[in-house]
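Please read them with the structure open beside you.

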Amino acid sequence: MDEWQFLSDNSFICVNETDGYRHAYLYGPTGLKIKQLTKGRYDVTHVYGYDEKTQTLFYQAADKDPLTRYVYALNTKKNTRVAYSTEVGTHDATFSPTYAYFVDACQSVVHPTIYTLYTRAGKELRVLEDNAAVAERAREAELPQKTFFRFVTERGDTLNGWMLGAEGLADDASAAIVRRPVLMFHYSGPASQQVLNRWRISWEEYLALHEGVICVCVDPRGTDGRGRAFRNATYMHLGVKEAEDQVSAALYLQTLPYVDASRIGIWGWSYGGYATIMSMSACGINPSLTTDGHSPFAFGMAVAPVTDWRYYDSAYTERYMRRPQVNEDGYDRASAVNHAGALQGDLLIVHGLSDDNVHPRNTLIYTDALVRENRLFEMQVYPDDNHFLRKRNNQRHVYERLLKFLREKIQ
């Protein structure tokens, strides 16, 4: 809620979500609301600015679906809107100081970012950079294409996801005979979003192309782009509903004819590492999540995970959990340490011993709890490296380590 613009008469534009979605409002100099500028069952995801002369608001919104972003100009006097974005994907804009011109940055899973200069009226002046060379390299590498899907959980929530490495398998008669392993990637943190129609090449493309692994990502409850109720669903008890939704995603994948239900893994970094451990423990905590009480995850990989929110910085934690003194039960339920005995599946845990974001004590206390519960696990540490593990040869080494563990589990 940090997008504010004060106008010449000391009135101001700001964003809030009082109607259930993130929208732009105009307030008077005394702080009284004058009117709501944008309306609808969608989130305004960025406000670029307000032109007082023409009374025009320039903003980005997830109005067509949560997976895309489009740029608009709204005349607040006439209540007329101009859509600057036409091509499906994720659009972002950079406006000149007078809003006479703007550069549109358009990307999607089909093409890398294209930068185009437009006039305020939406007339295209020139393409500044089309990144054609990047697109050609991707074609030459025959990279797999992300496909989007959605499903409804047992609790009635509709979740969005993307999938790599499953192109054509649904129509392939042999796919049901040669079932593929799955690796689920996620972050799952509050107000984050991984399932977006944007250009992103990562480790998952390699796994799908060269290791025969179907890679999947699902945004659980608590993530962004779908209004206040969905975004605030995990407030005061982080990690619980996200884990339930990742279990539901794995159960959905098990119903697909080309998926090997016995070889589904999950991995993540930072909050994603924490949510990985919580997801692998979810069925031990609540056996009713599956018919037999067993986790659908055969293995998981957690890099630099939080394991108890009491060990993370208060500026972040108390925003979502409040203080332990007023939410003791929430902290206890969200603690992976408390649920060490509920872990199911094979775990690889990775941490840098100089991590100043997620302190390594998170991993050390959690692994001590696993030992006390007689739970076997694998561990990889990196001396003198921080949260991102980029010193020396560490970045390559950590992915080689993850790949080695993955190969052993999907054989």
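1. Is arginine 375 buried, exposed or partly exposed? The model is a predicted one, and in it arginine 375 has a relative accessibility of 30%, which lies between the 20% under which a residue is called buried and the 50% over which it is called exposed, so arginine 375 counts as partly exposed.

2. As to its setting, arginine 375 belongs to the loop between α8 (361-372) and β20 (378-382). Leaving aside residues up to four places away in sequence, arginine 375 touches Ala340, Gly341, Ala342, Leu343 and Leu370. Two of these contacts involve backbone oxygens: a polar atom of the arginine 375 side chain lies 2.2 Å from the backbone oxygen of glycine 341, and the side chain also reaches the backbone oxygen of leucine 343, at 3.2 Å. Threonine 113, by contrast, is 262 residues from arginine 375 in sequence and 46 Å from it in space, taken from C-alpha to C-alpha.

3. Turning to the sheet, four strands in the order β5-β6-β7-β8 make up an open, antiparallel arrangement. Because β5 (44-51) and β8 (80-83) stand at the edges and have a single partner strand each, one side of each is left without a neighbour in the sheet. From one strand to the next the twist averages 25 degrees.

4. Within that sheet, β5 pairs with β6 (residues 56-61) in the antiparallel sense over six bridges, and phenylalanine 58 in β6 is the bridge partner of glycine 49. Phenylalanine 58 also belongs to an aromatic cluster, together with Tyr48, Tyr84, Phe95, Tyr99, Phe102 and Tyr118.

5. The count of aromatic pairs in the model comes to 31. In one of them, tyrosine 274 and tryptophan 309, the ring centres are 5.2 Å apart and the planes stand at 80 degrees, which is over the 60 degrees required, so the pair is edge-to-face. The two residues are 35 apart in the chain, with tyrosine 274 in helix α5 (residues 271-285) and tryptophan 309 in the loop between β18 (299-303) and α6 (314-321). Tyrosine 274 is buried, its relative accessible area being 0%, and tryptophan 309 is likewise buried, at 2%.

6. Lysine 64 lies over the face of tyrosine 70, at 4.3 Å from the ring centre, while arginine 81 lies over the face of tyrosine 72, at 3.8 Å from the ring centre.

Definitions and conventions
Residues numbered from 1 in each chain as written. Predicted model: local features only at pLDDT ≥ 70, side-chain atom pairs only at ≥ 80, totals over all residues. Heavy atoms only, no water. Pairing = 2+ DSSP bridges. Axes fitted to C-alpha atoms, helices over the stretch in contact; angles between N-to-C directions. Phe/Tyr/Trp six-rings, centres within 6.5 Å; stacked < 30°, edge-to-face > 60°. Buried < 20%, exposed > 50% of the residue type's maximum accessible area, 1.4 Å probe, protein only. Lys NZ or Arg CZ within 6 Å of the ring centre and 35° of its normal. Contact = heavy atoms within 4.5 Å. Polar contact = N/O pair within 3.5 Å; in protein donor to acceptor, adjacent residues only side chain to side chain.
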